[in-house]
Amino acid sequence: MAQVYLWLVAGVKLGSILAFSLGGDVLWIHSLDNCRILDLLRQLERIPPHLCLNDRILLQCLWQRGAVTQILKTQRTCVQHLMLQQIFNLFITPHSCAAWNHTLLSELLSSLDHSLEHLQPVAEENLACPHLGILVRKYFQGIRHYLKGKKYSSCAWEVVRVEIQVHFVLL
């Protein structure tokens, strides 16, 4: 059921990106990259999420449904860039490499890097989100503290994977 919801939200997200386009080709490519990233995050699943219910966390969500569409277009691009960079930094760690399928992880990192490259020119022009940048870094700092506290267990990584997947869809 959760996967169906994620795919439905991803479809709505894809449609909304086209409706709120910032710059034609860049966002179209970025939306395709986002779909690929979401698909790879889904494929990384090693443990059924319901087995990790006791490990769930309540990290403060920085963006809630609808809030992202209210962010100025330039800020949204900046936040997307920061979010992708933080996800990349989280999944490139040695602890992450030990937790996931190496082929899928490599594909995820490659897709994140590709998306970052496409957003880089737009993000450089519009670095207008210092406050939001602090919130994104704080959110991922909370994720890192959680993982460390759980000793980078398989369930902790699964909880983080789902957390990122759900909030990435909202972005």
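**Cysteines and a loop with positive phi angles**

Tyrosine 152 comes out as partly exposed, since its relative accessible area is 27%, a figure between the 20% and 50% cut-offs. The model here is a predicted one. Tyrosine 152 sits in the loop between α7 and α8, and although this residue is not a glycine, its phi is positive, at about 55 degrees.

Lysine 151 is found in the loop between α7 (130-149) and α8. This lysine 151 is another non-glycine residue with a positive phi of about 55 degrees.

Now to the cysteines. The count of disulfides in the model is 1. The partners are cysteine 52 and cysteine 155, with 2.2 Å between their sulfur atoms, which falls within the 2.5 Å cut-off and is therefore called a disulfide. The bridge ties together distant parts of the chain, as 103 residues separate the two: cysteine 52 belongs to the loop between α2 (25-43) and α3 (67-70), while cysteine 155 is part of helix α8 (residues 154-170). Looking along the link of cysteine 52 and cysteine 155, the angle about the S-S bond is -75 degrees, making it left-handed. Both cysteine 52 and cysteine 155 are buried.

Two further cysteines are worth a glance. Cysteine 35 has a relative accessible area of 26%, so it is partly exposed. Cysteine 97 is also partly exposed, because its relative accessible area is 28%; both values lie between the 20% and 50% cut-offs.

Terms used: Residues are numbered from 1 along each chain as its sequence is written. This is a predicted model: local features need pLDDT of at least 70, side-chain atom pairs count only at pLDDT 80 or more; totals for chains, interfaces and linings use all residues. Side-chain values use heavy atoms; hydrogens and water are left out. Helices (H or I, at least four residues) and strands (E, at least two) are DSSP runs, numbered from the N terminus. Buried means under 20% relative accessible area, exposed over 50%, partly exposed in between (1.4 Å probe, protein chains only).
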